[in-house]
Amino acid sequence: YKNNVIRNQNNLVLKEKNKELILAKNKAEEASRARTEFLSTVSHELRTPLNAINGIAHLLLEENPKESQLKYLDSLKFSGNYLTTFINEILEINKIDSSKIEIEKISFDLKALLNNIQNSLKELAAANNNHFLLEIDDAIPDNLIGDTTKLSQIILNLINNALKFTQNGKVTVTAKLYALENEQAIVYFEITDTGIGIAKDKQKKVFESFSQGSVEVNRKYGGTGLGLTIVKKLIHLLGGKIHLESEVGKGSTFSFKLNFDISKNISKNTEETQP
Ligand code: ADP
């Protein structure tokens, strides 16, 4: 009887503790929802007047401004662009955090996707006098299925950083077939640069919002400090995990693995439809 009483008492205590935990969790979720909603409203409200400011700066720059005005207009354009990027990135993070983002399944050819990305960044690579190489494993099936928008966003962001923090160097994007299993292809991606590198004590922090390498790096290169936060969240959303290896003065390698379904082979389909 005594044991039963003790057990009942323990159960009651546990039940109370569970209730408290659930209440605390609900409160935290409510606070997080409120924050997300607030940020989303503010960001949307800021976007409209900002578009007007950017548009006017653009128009004035086209009107042959005087030399003395050019400096101010360039500064206006730069700040406007920075704020636009910043707001768009906040909205993107909010969208991911509030689980309002859907994962698309599109059939695509990874080689073509990476070639397109390389073409779109040719000028940026040339601006810093960088070699920009693609190394794509021929064994990767050319009929993968995946969220090409998010994959492009991830890779573009990482290459942009690599090209930004590297001068007279090399940026290489590698895609290797890691495994073929259960009708899925696991692809290993690596974005390597020979740029300035990231100090050991900053390597975890660069994935946190608003975190940048160092004050000097930030002053020199600019940026919002949100790009890698988005990259990490998107990779996570697609079921992967990002890794970073880096050495100051030598360069950085960002890598991750992703699973893709493989769409039914077109030639196989034709065979099936043949009499
Ligand atoms: P930012 O907009 O500042 O580039 P990110 O989140 O993309 O924001 O990156 C955060 C910081 O990580 C950068 O400010 C930079 O210090 C460091 N970083 C990111 N990628 C690289 C890279 N390839 N080489 C060196 N430093 C990098």
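## Briefing: salt bridges, core and surface of a predicted model

A search of the whole structure finds 9 salt bridges, a salt bridge being a side-chain nitrogen of Lys or Arg within 4 Å of a carboxyl oxygen of Asp or Glu. The structure is a predicted model, in which local features need pLDDT of at least 70 and side-chain atom pairs count only at pLDDT 80 or more, while totals for chains, interfaces and linings use all residues. Residues are numbered from 1 along each chain as its sequence is written, and side-chain values use heavy atoms, with hydrogens and water left out.

**Salt bridges**

- D261 forms a salt bridge with K105, and the closest N and O atoms of this pair are 3.2 Å apart. Because D261 lies in strand β7 and K105 in the loop between α2 and β1 (106-108), the pair ties together parts that are 156 residues apart in sequence.
- D261 is partly exposed, with a relative accessible area of 26%, whereas K105 counts as exposed at 62%; here buried means under 20% relative accessible area, exposed means over 50%, and partly exposed lies in between (1.4 Å probe, protein chains only).
- The side chains of E247 and K250 also meet in a salt bridge, at 3.6 Å from N to O; E247 is partly exposed at 44% relative accessibility, and K250 is exposed at 57%.
- D201 forms a salt bridge with K202, with the closest N and O atoms 4.0 Å apart; D201 is exposed, with a relative accessible area of 53%, while K202 is partly exposed at 26%.

**Overall shape**

- The protein has 8 helices and 7 strands, where helices (H or I, at least four residues) and strands (E, at least two) are DSSP runs numbered from the N terminus.
- The radius of gyration of the protein is 25 Å, well over the 19 Å that the globule rule gives for 275 residues, so the protein is more spread out than a compact globule. This radius is taken over C-alpha atoms, and the globule rule is 2.2 Å times the number of residues to the power 0.38.
- Along its principal axes, the C-alpha trace of the protein spans about 95 × 65 × 45 Å.

**The nonpolar core**

- The largest nonpolar core has 44 residues, of which L110, L151, L158, I159, F189 and F256 touch the most other members; such a core is a set of buried Ala, Val, Leu, Ile, Met, Phe, Trp, Tyr and Cys residues joined through side-chain atoms within 4.5 Å.
- Helix α5 gives the most to this core, with 7 residues.
- Leaving out residues up to four places away in sequence, I159 touches I117, L121, F132, V171, V173 and I191, a contact being heavy atoms within 4.5 Å.
- In α7, the buried residues include G227, L228, T229 and I230, and among the elements that cover the buried residues of this helix are α2, α5 and β7.

**The surface**

- F38, V42 and L46 form a nonpolar patch on the surface, with about 280 Å² of accessible area together. Patches are made of residues with over 30% relative accessible area and no salt bridge, like charges being joined within 9 Å and nonpolar side chains (Val, Leu, Ile, Met, Phe, Trp, Tyr) within 5 Å.
- V42 lies in helix α1 (residues 2-62) and counts as partly exposed, at 32% relative accessibility.
- Accessible areas come from the Shrake-Rupley method with a 1.4 Å probe, and for residues only the protein chains shown count as cover.
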